[in-house]
Amino acid sequence: MLERFGFKLVPRKAVPGYFVFLVSFGAIVAAIVVTGFIFWIYGVNPFAAYSTIVERTLLNSRGLSEVVRKSIPLLLAGVGLVLAFRAQFWNIGAEGQILAGAVGASGIALFVPLPPFVAIPAMFVAGFVAGALWGLVPAILKVRLGVNEIITTLMMNYIALYIVRWLINGPWKGDSVVGFSYSDMFHRSIWLPTIGNTRLHWPTLVLGLLLVVLLAVLITRTKLGFEIRMLGESPIAAKYSGVNVLFTTTMLIALSAGAAGLAGVGEVAGIHHRLVEPNSISLGFGYTAIIVAMLARGSPVAAVFTALFLGWVFASGDIMKVALGLPFQITGVINGLVLLFMISSEPLLRFRIARVSLKNPETAESETGTV
Amino acid sequence: MELDQVTYTFARALAFSTPLLWAALGEIMAERAGVVNLGVEGMMVLGAVIGFIVSQATGLPYLGLLFAAVTGALAALIHSFIAIILGANQYISGLAITIFGLGLSGLIGRTWVGQPLQAPMKFVTVPGLSEVPILGPAFFTDQYILTYVGLVTAGLLWFVLYYTRPGLILRTVGESPVAADAVGINVKVVRMLTVVFGGCMAGIGGGYLSIAYRPSWGEGMTNGMGWIALAITIFALWDPLRAVLASFFFGAFFFLSFLLQKMFPPELLTLMPYTFTIVALTLVALGKGRRAFGSPEALGVPYKRGER
């Protein structure tokens, strides 16, 4: 169609980093603008709404700590997904892996009496293992039998959700709670320490940042990282060059799911201090982590920033609820819009518009980048 | 179990399988044309909330259902624009629709939560057939008209798919878009129409839930049914008639989890259908390789002319 006007789409050879950033940023701005219309429909002045949100989330220390606090689980789960997506494993199951991690940590906290300096690491280990096991089921089904991982990881989310509900209504229901479904409170000594009087449980944050560094090094500097990239870009080449595809993929996914498990540990040991309703443990962090990973476009370091952005969206959700009387579900709308605009802007990264020249018609060599 | 308990189980399983069937039929057609739609859950839940609101506001359940269908179609239009016209990643696009749909439905349905629908869809009992012993009470008494329309639609789609020219075109587009293009079929248009049709079906499935089966609106009331519809698509090997059986099977699982609540903790029963979905997909995979059981060859691959 464009040819008619003397233009055509030419596949880009290489996309400069600043341009990727600009396009992603544009997608986010578009989502924010559309959300502004939703505010307006709800009878809230969008400019007033956004200035309230910015004031209460970014311009005061309490708000800022909430942004960071909400980005902790997003970072852990998101950076794990960066890894999984790199290996072309569509893990939609971070939500369930977070819950599995929460259950693992609660099991230690409630039933294994340990001194605090052992108990806290033990909770993290248990959470990591539980999350990893939760991810291993779909991983093994995928690599051994080719079972669609999108559906299995999703089903595992629902299974985790109902197992948590069963635990807090049945075997793990606290003796001290009447009329509510929680476990007993964890012993005070094993609550994760926080910074000042905020809810920033820093050990989990440190773990998240360590994981980012670890994965960044792993992907760019090690043989395993090379294999991962090869797996993502050409599984067949990887296989013929001697990569143990089954083993490598399985281990990657276990690591990815374990990271989400750590996020679950942080939520129960750092925030709630007991096993609670699944929808309170995770406010959809596992699903949002997908957006964190997609926006980060395969880079663990970029995931720090995208996690902060989506943490800000969640923190804004609280402000919208409290200060503007808008329902919290608006965060889901914003998240969906960000993802929609981001994916729609993909062609901008793959093609550029050029004048039609007569000499060079065959630019058909596809240069579809990883998404 | 007593006999009438058995027939009752069958009857409720049939009722429960209906939304799964509608959504799965739509998805089967879309995937046959080569497009995966992970937005089914979002389209269902949007259909449910809009269907409920329109029915409640007007007192006309069938108008509500129409709006549910249109809502699903509109959401599918977004998906098809991104996935087909822009050629972006279909998985992410569908997923975004689901995240967006779950959020938006919660937002617009907030003030309607918990209201009983004033004029819900009424039960129908098939005259004559309902008198047949066992089968009558099991399949022809106190069902919703959508159940039967869904079953007939399954038959029609099966016929269209295998015995008509549009069906042939649809399958060609899904199996070999290059070949379809070569004989002058507009691949993108066929795919868009099919995806929009699929969204329409998902919307009706959602509308059935909020207007007929459980005439009310609750946040996230589809509860993963859209995902199960996607699993049914695979389990049914992309065949509309097999989808009837598969949906019934899952419907029975959902209903049994209600029925057995006295014996087991309800939460553990509720997770049965989800567990079974994994088991079913594993069984299908154990049975045969992907090609042998007829997954459309170009499934999930955007078509761009001039690319192989």
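**Core, interface and loop contacts in a predicted model**

Apart from neighbours within four places in sequence, B:Ile232 is in contact (C-beta atoms, placed from the backbone, within 7 Å) with B:Leu20, B:Ala24, B:Ala243, B:Ala246, B:Ser247 and B:Phe250. The model is predicted, with pLDDT of at least 70 required for local features and 80 or more for side-chain atom pairs, whereas totals for chains, interfaces and linings use all residues. Residues are numbered from 1 along each chain as its sequence is written, and chains are lettered from A in the order in which they are written.

B:Ile232 and A:Ala77 touch the most other members of the largest nonpolar core, which has 215 residues. Such a core is a set of buried Ala, Val, Leu, Ile, Met, Phe, Trp, Tyr and Cys residues joined through C-beta atoms within 7 Å; a residue is buried with 20 or more other C-beta atoms within 10 Å of its own, exposed with 12 or fewer, and partly exposed in between.

The contact between the chains takes 41 residues from chain A and 40 from chain B. On the side of chain B that touches chain A, helices H4 (90-108), H10 (225-235), H12 (266-270) and H13 (272-287) of chain B each supply at least two residues; helices are DSSP runs (H or I, at least four residues), numbered from the N terminus. H4(B) gives the most to this side, with twelve residues.

B:Val113 lies in the loop between H4 and H5 (135-140) of chain B. B:Val113 is partly exposed because 13 other C-beta atoms lie within 10 Å. Leaving aside neighbours within four places in sequence, B:Val113 is in contact with B:Trp217, B:Gly218 and B:Glu219.

Notes: Two residues are in contact if their C-beta atoms, placed from the backbone, lie within 7 Å.
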